[in-house]
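Please walk through this protein model with the text below.

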Amino acid sequence: MIEIWGAGQVFICDEAFSIIHNGGIAFEKGADRILEVGEYKALCARYPHAQMHFFPQGVLLPALINAHVHFEFGAHLAQFCYGDFGKWLDSLMANREHILNIAHLDSIIHESVQEQIACGVGSVGAVSSYGYDMALLVQSPLRVVYFNEAIGSNAGALDALYAHTFERFEASKALRSSTFTPALALHSPYSLHPLLAQKFIDIAASEHLALSAHFLESHHEREWLLHSSGYFRGFFQKLAHIENPKALYSPQSFLDMLSPLAHNPLSLTHCLYAKEEEYTQMRALNASIITCPRSNRLLNNTFLPLNIEHINIAIGTDGKSSNNNLNLLDELRASLQAYPTEDILALAKRLILRATAHGARALGLHNGVLMAGRSVDFALFEFEQPLFIPTQQHANQSPLHFILHAKRPAHLYINAKAVL
């Protein structure tokens with residue numbers, strides 16, 4: 001059975017940000033492949049026996065993609081110090097046991113998954129430090145790229161650190177499905193020993209896996225990697241009892257290690273303090289940047305520059321340890337306010353692309369754009385009245401009004417299955 005879903009406006013989410021008025025998509029029920037995209041009436045004429053659904057005051061677009069989210073860190077309300085990355089990390093270390101409240105963690109993760117669905121997210125890049133969220137994410141309707149995260153710089157514990165991460169990774173591989181893809185993550189160059197990083201880079205390269213890493217999130221990290229000084233010097237003296245700690249990478253050497261992954265889905269999260277020399281290396285790696293604007297404001301008082309050219313940029317919410325919720329629509333709304341000198345109409349389109357097509361590219365998914373052959377992941381939002389219709393005097397402002405007013409999709413399909 002063919003299904004046709006249509007709306008007053010269809011955001012294709014290609015790079016030109018094409019919008020089809022009174023458009024729709026056609027797909028075979030239960031088959032994860034869009035057959036055709038076009039004008040709704042034309043699709044109905046082509047497939048006269050299809051099940052047809054049309055929403056004249058709706059917006060249909062690809063299901064949103066939260067490209068970087070931590071589901072495990074949600075058992076808190078106000079235990080963290082914001083305004084400086086170092087103060088935040090100190091408060092995180094002091095509250096680790098409370099944050100990982102195992103007794104209530106399943107319900108917290110379940111609520112966070114439902115929060116994704118409720119705002120129209122169909123796919124997530126889930127970064128997992130412990131594997132506590134694995135089973136729940138496998139059972140969820142979300143399309144998940146599951147990043148098993150490696151962390152640890154103690155040279156004397158490398159075998160144990162490797163075994164712990166590798167065991168989680170193997171467990172995730174056993175659960176691979178059409179909507180659950182195992183992947184690997186390197187926590188960051190300040191927290192991961194190069195020998196451990198190299199092992200997982202080799203695995204990702206040989207198995208062609210997606211790999212993610214936090215990179216240059218704070219000015220403290222840049223100072224540490226370049227000069228072995230500043231906040232992290234005291235951090236390692238106190239935490240690891242090392243009298244004279246030294247950085248294990250420079251920014252350049254860390255990126256150099258990733259060179260075997262130039263043909264993999266490779267993403268670097270935050271990158272707030274990267275400079276042109278790092279951007280040049282990222283371009284050579286075909287790497288994506290994932291920005292988490294509200295987290296960046298809370299921890300570092302800054303946002304990723306908009307003028308980064310020829311690098312794919314996606315968007316995520318980070319975790320609740322550095323955000324007040326995991327609602328990607330709220331992330332888009334906050335991002336509108338973060339760049340006051342930018343043309344707001346162009347910015348709105350750019351932000352929606354970061355939450356759709358660019359997220360798919362960062363995670364190596366086959367969704368994020370409405371076109372024939374892509375996965376059947378879409379969200380349909382209804383509004384009380386049609387969004388802004390263009391005139392001869394005014395360009396189409398519907399992408400901007402979508403961000404301002406969208407709350408909860410009326411319908412959400414993931415993997416050609418109705419979720420809402």
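**Salt bridges and the domain interface**

The structure holds eleven salt bridges, a salt bridge being a side-chain nitrogen of Lys or Arg within 4 Å of a carboxyl oxygen of Asp or Glu. Side chains of opposite charge can pair when their charged atoms come close. The model is predicted, so local features need pLDDT of at least 70 and side-chain atom pairs count only at pLDDT 80 or more, while totals for chains, interfaces and linings use all residues. Residues are numbered from 1 along each chain as its sequence is written, and side-chain values use heavy atoms, with hydrogens and water left out.

Asp32, Arg143 and Asp377 are linked in a network of salt bridges. In the pair of Arg143 and Asp32, the closest N and O atoms are 3.1 Å apart. Helices (H or I, at least four residues) and strands (E, at least two) are DSSP runs, numbered from the N terminus. Arg143 is buried, with a relative accessible area of 6%, whereas Asp32 is partly exposed at 26%. Here buried means under 20% relative accessible area, exposed over 50%, and partly exposed in between (1.4 Å probe, protein chains only).

Asp377 lies in the loop between α15 (357-363) and β13, and Arg143 in strand β7, so the pair ties together parts that are 234 residues apart in sequence. Asp377 is buried, at 2% relative accessibility.

A further salt bridge joins Lys173 and Glu207, with the closest N and O atoms 3.2 Å apart. Lys173 belongs to helix α6 (residues 158-173) and Glu207 to helix α7 (residues 194-207), distant parts of the chain 34 residues apart. Lys173 is partly exposed, at 28% relative accessible area, and Glu207 is partly exposed as well, at 35%.

How is the protein divided into domains? Domain 1 takes 2-62 + 367-418 and domain 2 takes 64-363, with bounds that come from an automatic or database domain assignment. Their centres, taken over C-alpha atoms, are separated by 31 Å. The contact (heavy atoms within 4.5 Å) takes 29 residues from domain 1 and 29 residues from domain 2.

The area buried between the two domains is about 2,300 Å², and carbon and sulfur atoms give 69% of that area. Buried area is the accessible area (1.4 Å probe) that two parts lose on being put together, summed over both. Leu400, Ile403 and Ile414 supply 27% of the area that domain 1 buries against domain 2, more than any other three residues. The count of salt bridges between the domains is two.

Finally, consider Ser129, in the loop between β6 (121-128) and α5 (134-139). Is Ser129 buried or exposed? Ser129 is buried, with a relative accessible area of 13%. Leaving aside neighbours within four places in sequence, Ser129 is in contact with Glu72, Phe73, Glu149, His164 and Arg168.
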